[in-house]
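Below are some notes on the pockets and on one residue of this model. Please read them alongside the coordinates.

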Amino acid sequence: MFGRMPDGTAVKQFTLRNNNGMTVKIISYGAIVTEIQAPDRDGNTINVVRGADSLDMYLAGFPAAAVIGRVANRIANARFSIDDVEYRVTVNHRGKHHLHGGDRGFAKVAWDAAALPVTENEAGVRLTYLSVDGEDGYPGNVTATVTYTLTDDNELRLDYEATTDRPTIINMTNHAYFDLGGNGDLSTHELWLDADRYTTADDELIPTGEFASVTDTPMDFTTPEFIGARLDQIREPVEGFYDHNFVFNSGGRRAIGDGDGVVLVARVRELGSGRVMEVRTDQPAMQLYTGNPVGFCLETQNYPDAINHENFPSPILRPGVPYRTTTIFTFST
């Protein structure tokens with residue numbers, strides 16, 4: 001047990017191990033990954049995802065590798081319409097917008113969790129949460145599931161699923177803060193992204209609905225570049241750090257229930273340790289975030305505010321059409 005919620009609910013901790021020295025720890029609060037112990041070029045392991053030592057730290061707001069939902073990223077003016085019915089969700093961003101599922105969301109609740117049977121090559125845990133109709137303003141009772149699997153190929157696989165009894169919207173991700181060197185130094189992390197474009201945003205980080213080329217901008221990671229090398233060149237929508245949604249060239253899934261398969265979209269190499277992390281996903285985009293000094297985020301997801309832009313992939317989830325998406329983080333040297 002990792003601790004108890006204020007209402008007395010027990011928070012469980014699960015430890016996944018493979019045969020190559022990797023260890024992953026997950027707790028049932030927020031479906032948070034508290035540790036990913038990955039080896040460097042010399043076989044020494046450190047935790048490459050920022051985590052806290054106690055539940056109290058997470059409850060107090062420690063930046064967590066939590067599952068975000070129902071809808072990751074932003075919803076403009078905290079409102080949207082489905083089938084000509086308008087819904088208003090929690091205002092928790094810039095005084096008028098909605099961010100990361102609201103005040104409660106998937107990141108601040110206790111999930112039901114159970115270990116999966118261990119096989120010769122993998123170990124896993126499945127976590128389930130029932131988000132009731134009206135929670136944070138969203139319609140429909142949604143059953144959300146995330147399954148974490150650690151394999152002997154040094155893959156941490158995240159399989160997300162959700163079903164609903166009423167039309168609603170869904171866009172799940174994980175808000176992990178990675179630090180492959182263990183020193184918080186973005187200048188030693190070299191990033192490649194398979195993304196020629198990004199979605200532009202206004203000064204409140206709300207998408208305009210338009211796209212821009214990464215060419216000749218600090219957003220160009222089509223050839224490997226150190227994440228910290230051009231922070232001083234970033235002027236919009238925020239100054240001095242990345243909070244940008246990159247559009248993958250592979251396209252990813254175009255709508256709920258319509259996937260194109262899991263493909264390689266990103267690679268990070270940390271110079272000092274030799275650690276490499278590759279990201280594979282069937283999602284169409286990724287939010288790169290460096291605004292917190294504890295690490296960098298690579299959040300695979302649908303586009304921000306997709307429900308309010310007809311030219312973005314639809315986030316609408318309807319009864320009888322399950323939401324399924326997969327992201328895989330692979331570690332090597």
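How do the residues of the lining of the second largest pocket divide into nonpolar, polar and charged?

1. They divide into 6 nonpolar, 3 polar and 2 charged, where Ala, Val, Leu, Ile, Met, Phe, Trp, Tyr, Cys and Pro count as nonpolar, Asp, Glu, Lys and Arg as charged, and the others, Gly among them, as polar. The model is predicted: local features need pLDDT of at least 70 and side-chain atom pairs pLDDT 80 or more, while totals for chains, interfaces and linings use all residues. Residues are numbered from 1 along each chain as its sequence is written, and side-chain values use heavy atoms, without hydrogens and water.

2. The second largest pocket holds about 170 Å³ of space. A pocket is an open set of points on a 1 Å grid over the protein atoms alone where a 1.4 Å probe fits, with protein on both sides within 12 Å along at least five of seven lines; lining residues have an atom within 4 Å of a point. Strand E19 (residues 197–201) gives the largest share of this lining, 3 residues; strands are DSSP runs of at least two residues.

3. The largest pocket has about 440 Å³ of space. Its lining numbers 21 residues, with Gly61, Phe62, Ile68, Ala107 and Lys108 nearest the centre.

4. Arg74, in strand E8 (residues 74–75), is buried at 6% relative accessible area (buried means under 20%, with a 1.4 Å probe and protein chains only). Its side chain makes polar contacts of 3.2 Å with the side chain of His93 and of 3.2 Å with that of Asp243 (N or O atoms within 3.5 Å, one able to donate a hydrogen and the other to accept it; residues adjacent in sequence count only if both atoms are side-chain atoms).

Note on methods:
Points joined across faces, edges and corners; volume = space filled by probe spheres on them. Helix = DSSP H or I, 4+ residues; strand = E, 2+ residues; numbered from the N terminus. Buried < 20%, exposed > 50% of the residue type's maximum accessible area, 1.4 Å probe, protein only.
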